[in-house]
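Let's take a walk through a protein model together. Have the sequence and the picture open side by side, and we'll go piece by piece.

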Amino acid sequence: MSELPQLRAIQIFEAAARLGSFLRAADELSLTPSAVSHQIRSLEDALGVQLFHRINRAVMLTDIGSKYADEISEALGRIEAATHTITRRGKSDILTIHSVPSFASQWLMPRLSRFGALNPAIDLRLNASGDAADLGGDAVDIDIRYGTFVPAAYLGVDPFPLETIVVLCSPKLMKGASRIRTPADLKKHVLIHSEVNLYRWRHWAEDKDVELDLERGPRFDRSFMAISTAVDGLGVCLESRLLVQRELEDGRLVMPFGPAGRRIKCHSLVYRRSRANVPKIATFRSWLVRALKETDT
């Protein structure tokens with residue numbers, strides 16, 4: 001045990017490695033940058049290795065520093081989990097989730113009561129916005145993101161199963177002279193556009209080799225608004241089946257061309273790798289995997 005470095009130096013190193021900056025680590029830990037630099041230099045001297053490259057005022061982990069940071073982050077996560085386990089004594093955990101708005105409103109919120117019933121000791125906090133959450137601190141435990149991104153080294157990512165993108169409309173659009181039977185029939189209908197979706201009407205038209213008027217129709221930056229507009233019978237939308245389970249089950253939307261469609265990677269669950277085994281986070285991750293398997297994606 002005498003060979004172990006001081007815990008304070010380890011904590012300072014973990015913060016500097018995670019944030020990529022002595023200055024930001026100093027802000028987070030309420031220290032001066034010189035104190036952070038001194039502690040890390042002392043740690044390097046004690047270990048006999050260089051953990052950071054110093055380039056002018058910037059710092060960058062060395063290869064051995066990066067490997068050490070991974071091990072230290074995981075070890076500190078286990079310490080946090082162990083401390084939590086012996087001190088909770090029946091108190092509720094608070095799990096703070098950040099999510100993109102459409103997944104939060106269309107899929108997650110209708111299922112939160114199920115998670116709560118299975119895990120009464122965990123209180124949920126749900127925030128939604130289109131921006132990625134800052135997982136560097138303790139304000140947010142889990143972030144559910146849409147689209148492709150390059151995660152920071154300290155983040156873990158659980159991709160969702162591939163999602164099927166389908167054409168959706170109100171049942172009334174399936175009747176009458178303008179009923180939808182073939183892709184070409186969409187020329188007679190208003191197309192509802194989700195501007196931030198990875199797979200849009202122009203991709204669908206190319207796949208089906210059909211010419212559509214892509215300049216007209218309402219445009220939204222959130223899928224839940226496009227879905228609501230389709231439910232109201234104001235046009236035809238192109239969305240993930242994952243997001244429309246309720247609307248399909250209660251008959252407010254139908255799939256004129258059936259349930260098959262382009263399958264793409266859309267959503268991912270993101271968390272700090274060092275906190276992956278914290279009980280509240282591990283519990284939600286496991287529940288989400290099971291719940292997504294039960295969902296028609």
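Before we go on, a word on the ground rules. This is a predicted model, where local features need pLDDT of at least 70 and side-chain atom pairs count only at pLDDT 80 or more, while totals for chains, interfaces and linings use all residues. Residues are numbered from 1 along each chain as its sequence is written, and side-chain values use heavy atoms, with hydrogens and water left out.

**Salt bridges**

Searching the whole structure turns up 16 salt bridges. Here are three of them:

| Pair | N to O distance |
|---|---|
| Lysine 280 and aspartate 141 | 3.4 Å |
| Arginine 219 and glutamate 195 | 3.6 Å |
| Arginine 252 and aspartate 250 | 2.8 Å |

Let's start with the salt bridge between lysine 280 and aspartate 141. Lysine 280 sits in helix H10 (residues 279-293) and aspartate 141 in the loop between strand S4 (122-128) and strand S5 (142-146), so this pair ties together parts that are 139 residues apart in sequence. Helices (H or I, at least four residues) and strands (E, at least two) are DSSP runs, numbered from the N terminus. Both lysine 280 and aspartate 141 are buried. Buried means under 20% relative accessible area, exposed means over 50%, and partly exposed is in between (1.4 Å probe, protein chains only).

Now for the salt bridge of arginine 219 with glutamate 195. It links distant parts of the chain, with arginine 219 in strand S9 (residues 219-220) and glutamate 195 in the loop between strand S8 (193-194) and helix H7 (201-208), 24 residues apart. Arginine 219 is partly exposed at 36% relative accessible area, and glutamate 195 is partly exposed too, at 35%. In the remaining pair of the table, arginine 252 comes out at 35% and aspartate 250 at 44%, which counts as partly exposed.

**A helix with two sides**

Next, find helix H3 (residues 33-47). (The expected span is 1.5 Å times one less than the number of residues.) Which residues of H3 are buried? Val36, Ile40, Leu43 and Glu44 are. They cover an arc of only 100° around the axis, so they lie on the same side of H3; the arc is that of the directions from the helix axis to the C-beta atoms. On the face turned away from that buried side you'll find the exposed residues Ser34, His38, Asp45 and Ala46. After H3 comes glycine 48, with a positive phi near 75°.

**Strands**

Strand S1 (residues 52-55) and strand S2 (residues 58-61) run antiparallel, joined by four bridges. Two strands pair if DSSP finds at least two bridges between them. Histidine 53 has methionine 60 in S2 as its bridge partner. The hairpin has two residues between its strands, and asparagine 56 takes a positive phi near 55° there.

Elsewhere, three strands make an open, antiparallel sheet in the order S10-S7-S11. Strand S10 (237-240) and strand S11 (262-264) are at the edges with a single partner strand each, so one side of each has no neighbour in the sheet. Four bridges join strand S7 (residues 163-168) to S10, and isoleucine 165 has serine 240 in S10 as its bridge partner.

Conventions
Salt bridge = Lys/Arg side-chain N within 4 Å of Asp/Glu carboxyl O.
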